[in-house]
Amino acid sequence: MNTEQKTFQAQSCYEALRWQLLHGQLTAGSRLVEEKWSTHLGVNRSALREALVLLAHEGFLESGPKGGFFVPVYSESVLDEVLEVRLALEVGALEILEIRGQIPAEGLRELDRSCDMMQQLTEAGFEYGFVEADRMFHETLVAMAGNSRLLRIYRQAPLPLNPLPNPDMETRRGNMRETLAEHLELCKRLNEGRIRDAIELLRNHLLIGHKIAKETPGP
């Protein structure tokens, strides 16, 4: 396998595993067995290892004391840190908008599209798709600040998505509907130019999500 092929495979592994880690689809504390995952992803083990090393460096995986790579177990202190980072970056992005006194119209349209997608996914009961649409909504909020460095930090930060609690599907759908309602209200306030009100709502939204994450057992 030449260098170009290895680089492509490593990037493919990185993106696939990062998505699963962000969405809580890998069991916390479990080891990623290289032989198993190289077969599952259809890649060379050296390319997989390169991806695992990068994910560990970025904080998405942990290295075991005797070697190997493990899915992190998110303690309450880690979840607190995740909240603090999201408050700093997401609320900070809206505060930049407030300082500039201008809200980009395309950003508002993108938020509306995310809400439409979340509405469809809620009705269909597609939980993981909903969580991904939720992430895109919040990433759009950061992007609206128009600061490329801020957006790059947000995209690269190891910020696991808040899980939807309770194994009962109807309860999860209720949570999805509540999340959607808060997003729609946030869009409404931004469309009306009420940035300070939107900031307060976003802060409360993140705090509520944090409380749910701390009360929800990991996968």
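**Close-up 1. Helices α6 and α7 meet through residues from both partners.** From α6 come His138, Glu139, Val142 and Ala143, and they touch Leu150, Leu151, Tyr154 and Arg155 of α7; contact here means heavy atoms within 4.5 Å. By class, this contact has 5 nonpolar, 1 polar and 2 charged residues. (Ala, Val, Leu, Ile, Met, Phe, Trp, Tyr, Cys and Pro count as nonpolar, Asp, Glu, Lys and Arg as charged, and the others, Gly among them, as polar.) α6 covers residues 127-143 and α7 residues 148-156; they pack at about 155°, with axes 9 Å apart. That makes α6 roughly antiparallel to α7. (Angles under 35 degrees count as roughly parallel, over 145 as roughly antiparallel, 65 to 115 as roughly perpendicular and the rest as oblique.) Axes are lines fitted to C-alpha atoms, for helices over the stretch in contact, and angles run from 0 to 180 degrees between N-to-C directions. Helices are DSSP runs (H or I, at least four residues), numbered from the N terminus.

**A note on the model.** You are looking at a predicted model, in which local features need pLDDT of at least 70 and side-chain atom pairs count only at pLDDT 80 or more, while totals for chains, interfaces and linings use all residues. Residues are numbered from 1 along each chain as its sequence is written, and side-chain values use heavy atoms, leaving out hydrogens and water.

**Close-up 2. Helices α2 and α3 cross at about 105°.** Their axes are 9 Å apart, and the two helices are therefore roughly perpendicular to each other. Look for Glu34, Glu35, Trp37, Ser38 and Leu41 on α2, and for Arg45, Leu48, Arg49 and Leu52 on α3. These contact residues divide into 4 nonpolar, 1 polar and 4 charged.

**Close-up 3. Helix α1 has a buried set of residues.** The set consists of Gln9, Ala10, Cys13, Tyr14, Leu17, Arg18, Gln20, Leu21 and Leu22. (Buried means under 20% relative accessible area, exposed over 50%, partly exposed in between, with a 1.4 Å probe and protein chains only.) Their cover includes α2 (34-41), α3 (45-57), α6 and α7. Just after α1, you can find glycine 24, with a positive phi of about 65°.

**Close-up 4. Serine 30 sits in the loop between α1 and α2.** Serine 30 counts as partly exposed, at 24% relative accessibility. Not counting residues up to four places away in sequence, serine 30 touches Phe69, Phe70 and Val71.

**Close-up 5. The largest nonpolar core has 26 residues.** Leu94, Leu111, Leu141, Leu186 and Leu190 have the most contacts inside this core. (A nonpolar core is a set of buried Ala, Val, Leu, Ile, Met, Phe, Trp, Tyr and Cys residues joined through side-chain atoms within 4.5 Å.) At least two core residues come from each of α4 (76-100), α5 (105-124), α6, α8 and α9 (195-215), and α9 gives the largest share, 6 residues. Another core, of 17 residues, lies apart from it, with Leu21, Leu32, Leu48 and Phe69 among its members.

**Close-up 6. Histidine 183 belongs to helix α8 (residues 169-191).** Histidine 183 counts as buried, at 1% relative accessibility. Leaving aside neighbours within four places in sequence, histidine 183 is in contact with Cys115, Met118, Asp134, Phe137, His138 and His205.
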